[in-house]
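Student: I have a sequence and a model to read. Can you take me through the terms as they come up?

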Amino acid sequence: MTSKLKQALMSYMAGNMTCKAVTNVITDYLEGALPFWDWVRFHMHLGMCFGCRNYLRQMKQTIKTLEKLPSEPMPPAIRDELLKRFKDWKR
Amino acid sequence: MSAPVPSPQEAETLKALLQGDEAAFSALVETYYSPLLRLAMAHVPSQAVAEEVVQETWLGVLEGLPKFEGRSSLKTWIFRILINRAKTRGIRERRYEPLSHGFLDDEGNEQPEQEYFLASGPMSDHWAVLPQSWDAATPERLLLSKESRTQIDAAIASLPPTQRHVITLRDVEGFTSLEVCNILDLTETNQRVLLHRARSRSERYWSPMCKDLT
């Protein structure tokens, strides 16, 4: 089977969800907001598409990177100033 | 969607604050410092100004606290004060020209570009060039290098303000989608669209760096 034919066949079996469509709904998928049949087609496509599997993994790694960004530490001077204001406010 | 009222835990905090409990105030200020600062950064030109906005916000909180009626959660209320003040301050800062977002605005489309996909034929809208896999240790390695840290910050800084708020609160600071919807007054769907654009842009922005890692 020629690779073009094989690809076309795979595309058909994936319920015609294109790679572009996968990238469009990827956040809906990750947020658990994909309607059931779209979810099925998403998975069918992913099962057959190396590129989209990589793209999904990249997205997850992107999110994980953001999650791991360290918090901004509060400068002690700001904490002291705010506590002073709070004490004044109390009175 | 109605904003949730203060949780029982928040009601406790509120009571403690009104009684002048310094430890409760200190803990609250500490907990919200990082997300408040990051949100302020989306509107003002420098970290120093953002720090001022955070301080002003807390003074505003203290001022409004006796009148706080609990029609939203305490968290939502505090973050809304911050955003209002940051916006006002951003406009007032004469020197500050809003960052150029190129072709982007909050309506801007942030999928991978059309040229990433085949334009015609039986495989149209499928990848023209398959995305490569990134190194499994990508997040750690990105964060370790000073150069790539700069790139990550630059990617976030280049986003339009609302997208930047959504990705900061959801992904960086770990807020729930409901909290983000309430703070930014967005519908669930709208929030998801903004999150999608922000994540897609970030992915695209630092993708070349990640390929170099492998």
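Student: How far apart are the centres of domain 1 and domain 2 of chain B?
Tutor: Taken over C-alpha atoms, those centres are separated by 27 Å. This is a predicted model, where local features need pLDDT of at least 70 and side-chain atom pairs count only at pLDDT 80 or more, while totals for chains, interfaces and linings use all residues. Residues are numbered from 1 along each chain as its sequence is written, and chains are lettered from A and ligands numbered from 1 in the order in which they are written.

Student: Where do the two domains of chain B lie?
Tutor: Domain 1 covers 8–92 and domain 2 covers 119–213. Such bounds come from an automatic or database domain assignment.

Student: How do you know that these two domains are in contact?
Tutor: Count the residues that pass the test. Two residues are in contact if their C-beta atoms, placed from the backbone, lie within 7 Å. By that test, eleven residues of domain 1 of chain B are in contact with ten residues of domain 2 of chain B. On the domain 1 side, helix 2 (22–41) and helix 4 (74–92) of chain B each supply at least two residues. That side has four nonpolar, four polar and three charged residues.

Student: Why is helix 2 of chain B called oblique to helix 3 of chain B?
Tutor: Start with the value. Their axes come within 9 Å and cross at roughly 130°. That angle makes helix 2 of chain B oblique to helix 3 of chain B. The cut-offs are under 35 degrees for roughly parallel, over 145 for roughly antiparallel, 65 to 115 for roughly perpendicular, and oblique for the rest. Axes are lines fitted to C-alpha atoms, for helices over the stretch in contact, and angles between N-to-C directions run from 0 to 180 degrees.

Student: Which residues of helix 2 of chain B make that contact?
Tutor: B:Val29, B:Tyr33, B:Leu36, B:Leu37, B:Ala40 and B:Met41 do. Their partners in helix 3 of chain B include B:Ala50, B:Val53 and B:Trp58. The contact of helix 2 with helix 3 of chain B divides into ten nonpolar, two polar and one charged.

Student: What makes B:Val166 buried or exposed?
Tutor: B:Val166 has 29 C-beta neighbours inside 10 Å, so it counts as buried. Buried means 20 or more other C-beta atoms within 10 Å of the residue's own, exposed means 12 or fewer, and partly exposed lies in between; C-beta atoms are placed from the backbone. B:Val166 is found in helix 7 (residues 161–172) of chain B. Not counting residues up to four places away in sequence, B:Val166 touches B:Val180, B:Leu184, B:Gln191, B:Leu194, B:Leu195 and B:Ala198.

Student: Why is helix 7 of chain B called largely enclosed?
Tutor: Eleven of its twelve residues are buried, so the rest of the structure largely encloses helix 7 of chain B. Among those buried are B:Arg164, B:Arg170 and B:Asp171. Over the whole of chain B, buried residues make up 37% of 214.

Student: How many residues of chain A and chain B are in contact?
Tutor: 41 residues of chain A are in contact with 44 residues of chain B. Helix 4 of chain A gives the most to the chain A side, with 14 residues. By class, the chain A side has 16 nonpolar, 13 polar and twelve charged residues.

Student: What makes A:Gln61 count as buried?
Tutor: A:Gln61 has 21 C-beta neighbours inside 10 Å, and that makes it buried. A:Gln61 lies in helix 4 of chain A. Leaving aside neighbours within four places in sequence, A:Gln61 is in contact with B:Trp134, B:Thr138 and B:Pro139.

Student: Why is helix 5 of chain A called roughly parallel to helix 3 of chain B?
Tutor: These helices pack at an angle of about 20°, with their axes 11 Å apart. That angle makes helix 5 of chain A roughly parallel to helix 3 of chain B. A:Phe86 and A:Trp89 are among the residues on the chain A side, and B:Trp58 and B:Leu62 among those on the chain B side. The contact of helix 5 of chain A with helix 3 of chain B has seven nonpolar, one polar and three charged residues.

Key: Helix = DSSP H or I, 4+ residues; strand = E, 2+ residues; numbered from the N terminus. Nonpolar A, V, L, I, M, F, W, Y, C, P; charged D, E, K, R; others polar.
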